Amino acid sequence: MKLKCAAACVLAMLILVAAVIVAAPGASYANQDRESLLAPASTRHPAGTDALGRDRLVRVSAALLLSLAGSVAASAVTTAAAAGVGALAAFGPATVGWTAMLLCDVFLALPWLFLLMMVRSALPLTTSPANSAAITFLVLAALGWPACARAVYRGALSLKTTEWMLYARAGGLRGGQIVRSVIPNLVPLLLPQFLISIPAFVMAEANLGALGLGVGEPLPSWGGMLLELDNSAMLFDTRWVYFPVALLVIVLLLLEAVAGEA
Amino acid sequence: MNSEPLLHVKLNADYAGKPVLRDLHLELARGEVLGLVGGSGAGKSTLVLSLLGLLPWRGGSLSGEVMLEGENLLMLSERKLRALRGRRIALIPQSPMSALNPAISLQKHFDEAWRAHEKHAPAVLAARVQQLLAEMQLPTDAEFLRRRPAQISVGQAQRVLIALALLHRPALIIADEPTSALDPVTQTQIVDLLRRLNRTHGMTLLYVSHDLVSVLQLSDRIAVLHAGTIAESLPVDRLAEARQEATLSLLRALPAPPEILLSFRKPSVRGVHEEPQFQNC
């Protein structure tokens with residue numbers, strides 16, 4: 001419990017620091033300092049600059065915020081979809097439940113990283129950066145719900161045979177009312193699902209970015225920043241920058257995992 | 001019209017081909033309290049679910065007729081049955097704690113029960129809830145209504161369930177062992193409350209219980225359910241005429257002869273002066 005609180009606090013501080021860095025006057029993830037390309041750390045650029053002369057610290061911070069915000073939104077969408085599908089499957093006619101669970105199985109069986117790559121690469125190259133970010137997280141959300149929907153379905157089925165459910169029927173409650181009254185009982189199930197989806201999506205977005213299929217330039221993303229790693233000469237010159245990025249990803253995932261433990 | 005019974009039941013029920021109720025006949029007059037007694041496994045719960053048309057939810061099937069005010073409930077569509085449950089027949093369930101949805105407040109329970117059958121403004125509901133809570137001797141403040149079921153006592157939960165059952169002023173209330181989960185003092189209070197509701201509102205009550213002592217405190221007539229059928233049905237003041245073994249064994253199990261238990265019965269609500277109250281256990 002203490003560990004959880006500590007992790008949540010560190011996470012909150014990380015977000016706050018990133019927000020301060022991004023919001024600082026004159027800081028922008030797209031600003032180019034053409035005098036110093038691939039510069040090492042200095043007082044002007046505490047973490048150096050990239051090949052286009054953009055401040056790495058600002059970009060890492062903006063990427064953290066973007067990645068987290070996107071993942072939280074995607075996770076919310078996924079959890080809501082899972083709640084809807086799971087509840088519908090449990091309370092709808094038997095054929096609906098059967099079909100929904102079959103659909104879940106099909107989705108779970110999909111090699112979803114390849115599917116993500118296919119979907120992203122099918123989009124036109126002229127997609128605007130903001131759209132590419134939105135689409136990336138939307139695709140993640142669209143592929144993330146089935147495992148959660150299965151869990152919700154199981155949970156809702158077990159609620160279906162409870163005394164209070166029978167009593168609610170005895171009171172003449174409508175089908176919709178009964179499903180609605182079930183949702184608060186599923187919160188202990190949905191909340192962890194919501195929380196564990198966030199780091200999974202952060203990771204997935206970083207992976208996609210490292211393949212060049214994630215959030216589009218000039219928007220920063222950790223995956224996109226790691227993309228520069230394929231040039232080993234540059235990696236040798238600037239390893240002191242990428243090591244912190246990798247460390248930050250690990251720390252973030254760890255913190256989220258600990259904070260999300262229910 | 002008024003000589004016609006409120007409820008007339010002729011019923012067979014089975015679970016997966018195994019008969020549970022066989023040729024069960026039951027009649028209930030308006031304003032009457034019928035005590036339905038029987039041991040475990042006699043089919044009491046099955047009968048309760050059958051009357052509410054809920055047996056299919058537990059995987060059973062029914063044949064025969066359940067006539068409520070001249071209308072056969074078994075012939076109704078699920079849609080019409082739903083509109084009738086809670087409005088014309090209400091249930092007071094057995095275990096108060098598990099009958100309330102643990103995740104929502106008491107206020108929400110009243111809201112949902114109201115919305116199932118009424119479209120009137122919330123003000124009407126608020127007034128009705130206040131009236132019911134007062135009648136149930138429950139706190140009427142908003143703080144109480146904001147509580148979750150886990151934050152009230154079992155006795156309070158049972159009173160809330162009685163209030164919920166009364167919400168739409170149903171013609172018939174089925175109480176399915178409403179006191180079995182309660183301590184003796186609370187049991188007595190709940191039995192008193194049900195009696196008062198019957199005397200003041202003329203509420204028709206089917207009181208299902210295995211506890212003949214509380215049944216004698218409350219009922220005008222008892223029906224003994226044995227092996228899925230009504231073995232015997234008698235007014236409480238003519239229990240001496242009982243001939244069936246099922247009835248006789250129940251009477252023998254009483255802590256005192258029925259005449260003595262009946263003499264402790266409160267005659268009416270208007271004589272509110274406390275008489276010595278018999279308590280079992």
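Predicted model: local features only at pLDDT ≥ 70, side-chain atom pairs only at ≥ 80, totals over all residues.
View 1. Residues are numbered from 1 along each chain as its sequence is written, and chains are lettered from A and ligands numbered from 1 in the order in which they are written. Although E69(B) is not a glycine, its phi is positive, at about 45°, and its place is the loop between β4 (60-68) and β5 (71-72) of chain B; helices (H or I, at least four residues) and strands (E, at least two) are DSSP runs, numbered from the N terminus. D23(B), likewise not a glycine, has a positive phi near 50°, but D23(B) sits within strand β2 (residues 18-28) of chain B. D23(B) is exposed, with 12 other C-beta atoms within 10 Å.

**View 2. Helices α1 and α2 of chain A.** Helix α1 (residues 2-23) of chain A and helix α2 (residues 56-91) of chain A cross at roughly 125°, their axes coming within 8 Å. This angle makes α1(A) oblique to α2(A), since angles under 35 degrees count as roughly parallel, over 145 as roughly antiparallel, 65 to 115 as roughly perpendicular and the rest as oblique. The crossing of α1(A) and α2(A) is left-handed. From α1(A), the residues I15(A), A18(A), A19(A), I21(A) and V22(A) meet L57(A), V58(A), S61(A), A62(A), L64(A), L65(A) and L68(A) of α2(A), contact meaning C-beta atoms within 7 Å. Sorted by class, this contact of α1(A) with α2(A) comprises 11 nonpolar residues, one polar residue and no charged residues.

**View 3. Helices α5 and α7 of chain A.** Helix α5 (residues 129-160) of chain A packs against helix α7 (residues 175-210) of chain A at an angle of about 150°, with the axes 9 Å apart. At that angle α5(A) is roughly antiparallel to α7(A), and α5(A) passes α7(A) in a right-handed crossing. Among the residues of α5(A) that take part are G144(A), C148(A) and V152(A), and those of α7(A) include L189(A), Q193(A) and F201(A). The contact of α5(A) with α7(A) divides into 13 nonpolar, six polar and one charged.

**View 4. Where chain A touches chain B.** In this interface 15 residues of chain A are in contact with 25 residues of chain B. On the side of chain A, the elements giving two or more residues are α6 (163-170) and α7 of chain A, and α6(A) supplies the largest share, six residues. By class, that side of chain A has six nonpolar, six polar and three charged residues.

View 5. Apart from neighbours within four places in sequence, Y207(B) is in contact with V33(B), L34(B), G35(B), L36(B), A175(B), V215(B), L218(B) and S219(B).

Key: Axes fitted to C-alpha atoms, helices over the stretch in contact; angles between N-to-C directions. Left-handed = near helix turned anticlockwise from the far one by under 90°. Contact = placed C-beta atoms within 7 Å. Nonpolar A, V, L, I, M, F, W, Y, C, P; charged D, E, K, R; others polar. Buried ≥ 20, exposed ≤ 12 C-beta atoms within 10 Å, placed from the backbone.
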